[in-house]
Amino acid sequence: MSREIALTEPLYQAKGIKKYFPVTGGVLRRKIGEVKALDGVDLDIYRGETISVIGESGCGKTTLGRMLAVLQKPTGGELSFDFGDGLKNVVGLNRTEELAFRRRVQMIFQDPYTSFNPRQRVGAAIDEVLQVHGMKDPEERFSRIKESCEMVNMRVEYLQRYPHEFSGGQRQRLAIARCLAIKPELIIADEIVSALDVSIQAQIINLLRQIQRETGLSFVFITHDVAVARYVGHRIAVMYLGSVVEILPAGALPQNAEHPYTIALLSAVPDMNLQGKKKEIVLQGEVPSPIDAPSGCAFSTRCPYVMDICKIARPVLRLAYDTDPSHQVACHLEKPPIGA
Amino acid sequence: MKDVNVSFTVESSNLHILRDVSLQVPRGSFLCIVGESGCGKSVTAQAIVQLLPDNGRVDSGLISYYESGKATELNKLEKFGREMRSFRGAKIGMIFQDTLSSLNPAHRVGRQVAESLLQHQNLSKDEAKERVIELFRKLGIPDPERRFNAYPHEFSGGMRQRVMIAIATICEPDLVIADEPTTALDVTIQAQIMTLLKNLQKSAQRTFILITHNMALVSEVADHVAVMYLGRVVEYGSVDQVLRSPRHPYTQALLQSVPSLDADKSVELKTVDGQTPSPAEVTKGCEFAERCLFASDTCKDRVIPLMTFEGNHQVRCIRLDEKGNLPKPDKAGSNV
């Protein structure tokens with residue numbers, strides 16, 4: 001994964017993405033408030049890169065994944081994808097355009113038990129995807145399926161089996177094979193290794209890195225595991241309560257993080273090699289509810305460096321103090337915390 | 001309590017789940033039991049307090065609880081008898097992973113915490129309430145007087161886990177068994193809970209058994225570690241011995257399959273080929289032999305004894321030489 005990523009023309013761009021879910025109450029189920037699951041997220045995804053999205057539960061990382069895959073429409077903001085002739089809006093496409101977009105952007109989910117139809121042989125499940133995307137020749141389809149099975153190290157004979165005959169790790173491989181079969185340009189992977197035991201998790205992680213190296217496709221890797229995110233991704237986007245608070249090259253972790261939340265998150269991760277060597281911010285309290293999110297900086301209620309301005313004005317992403325152009329932080333602090 | 005000697009075999013519908021498990025927990029120490037799902041770590045905890053599911057039973061072996069020089073054999077006591085109940089809750093506290101199903105949703109949490117106090121100690125309701133509120137405060141539950149009367153669903157996951165800890169420790173037990181207490185929690189909350197547990201252990205010289213699958217977590221809290229694989233303890237020793245110089249091939253693989261925060265990204269993660277076999281199809285030899293890079297024919301033929309190395313570092317592997325080093329692998333390691 002040493003390849004340099006050209007951070008010039010994004011493959012996919014999210015600008016100011018907002019997603020509000022209504023909160024209803026009372027006998028008339030009237031809207032009484034909003035959950036701001038995403039509150040203005042900007043994210044550029046480049047060709048050939050893996051960007052890891054990390055954050056704790058409820059920070060909006062899964063919602064962001066679903067927005068990027070346009071499984072749900074954002075409440076506000078723009079999503080534009082480069083189909084080969086420049087960035088083009090992808091929300092509200094007609095049927096043909098949507099199909100063209102879905103052929104390029106695929107999603108894999110956390111739970112491999114529910115992402116396959118239990119009554120359909122896995123081979124047929126993969127074949128169906130190819131048919132939907134207009135591959136008419138059965139032999140061509142089969143050779144595609146075979147090719148993608150080889151990439152994930154699954155024997156072709158297994159395609160005759162049903163989903164329940166596989167273990168969690170194998171099913172996750174099949175889910176990856178199903179994505180790869182239509183040769184997408186971007187795969188959004190939402191917590192795909194979280195349900196697996198560590199020895200199986202390592203197999204899938206190595207596999208993903210290998211596929212990424214060989215095919216050069218882009219990944220959005222959503223996870224709550226900071227160490228895995230750093231290992232898999234070229235860049236890391238750290239989310240807190242519906243916004244991206246820091247974007248940094250994976251190599252900058254753990255030492256060069258600048259947002260107080262990122263540092264706090266890192267210091268909470270138990271790590272054998274880094275005991276006593278990490279910068280420490282120990283957080284008190286818990287993540288506030290996104291229904292009554294604090295005004296100003298979302299992290300201001302727990303930040304040990306909080307200033308008056310943090311409670312009023314929301315910080316936007318700006319260049320980090322380490323002057324790395326691919327390192328951005330959303331924080332009002334005028335110098336990095338704890339002498340970075 | 002001086003040493004807890006646990007050695008037992010459980011059989012549930014002919015599945016041999018725990019195989020000759022022996023563990024000693026010195027008084028006042030912190031033991032972690034680690035392993036992947038299905039290795040029997042939770043069953044071990046359940047067996048100690050005799051809370052195995054109805055289809056499970058201890059077939060043989062001894063579970064002894066030492067108290068001021070006197071040993072009580074827990075597995076000889078009647079499961080729900082008066083004596084066993086005097087251990088559970090009062091002398092041995094339990095913390096489970098799933099707080100939402102361990103707490104009764106229809107009762108106020110304060111009452112659930114006070115319940116074991118009223119059961120085990122001769123206190124009035126008001127005294128019990130006072131003790132609970134005091135403990136809530138110590139455990140960092142904000143506004144404890146009001147929270148005493150709240151219901152479990154009104155708490156967040158982290159706060160519910162604090163309530164569970166309160167239930168487990170209100171009677172000031174000597175031994176606390178925590179089964180994956182932080183697995184369902186976010187890392188920042190996990191860090192808070194682990195600090196709390198470690199303080200509870202240190203401040204009162206309590207004995208802790210923590211069951212987890214997270215090796216890195218172990219390194220931050222434990223004194224001793226037992227690694228389990230398919231119902232057997234495959235390696236036991238101090239944290240330094242097991243985590244910094246692991247001897248058993250499985251422990252080594254487990255440690256190398258998790259990326260560290262400062263991992264070299266150009267190096268592939270080590271993986272273990274295949275998957276954990278089901279306990280029904282286990283052979284007579286080493287359970288790990290099928291997936292092991294070092295396995296020889298003898299490994300598959302006979303039961304592997306625990307070998308003891310310097311500093312009471314115990315490893316269940318016959319491929320180690322006298323110094324505890326493994327030979328060069330017979331099979332080439334594969335990456336996927």
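Analyst: Helix H5 (residues 168-181) of chain A packs against helix H6 (residues 198-215) of chain A at an angle of about 15°, and their axes lie 10 Å apart. Helices here are DSSP runs of H or I with at least four residues, numbered from the N terminus. Axes are lines fitted to C-alpha atoms over the stretch in contact, and angles run from 0 to 180 degrees between N-to-C directions. H5(A) and H6(A) are therefore roughly parallel to each other, a term for angles under 35 degrees.

The model is predicted: local features need pLDDT of at least 70, side-chain atom pairs count only at pLDDT 80 or more, and totals for chains, interfaces and linings use all residues. Residues are numbered from 1 along each chain as its sequence is written, and chains are lettered from A in the order in which they are written.

From H5(A), Gly168(A), Gly169(A) and Gln172(A) meet Ile200(A), Gln203(A) and Ile204(A) of H6(A); contact requires C-beta atoms, placed from the backbone, within 7 Å. By class, this contact of H5(A) with H6(A) has two nonpolar, four polar and no charged residues. Ala, Val, Leu, Ile, Met, Phe, Trp, Tyr, Cys and Pro count as nonpolar, Asp, Glu, Lys and Arg as charged, and the others, Gly among them, as polar.

Key: Helix = DSSP H or I, 4+ residues; strand = E, 2+ residues; numbered from the N terminus. Parallel < 35°, antiparallel > 145°, perpendicular 65-115°, else oblique. Contact = placed C-beta atoms within 7 Å.
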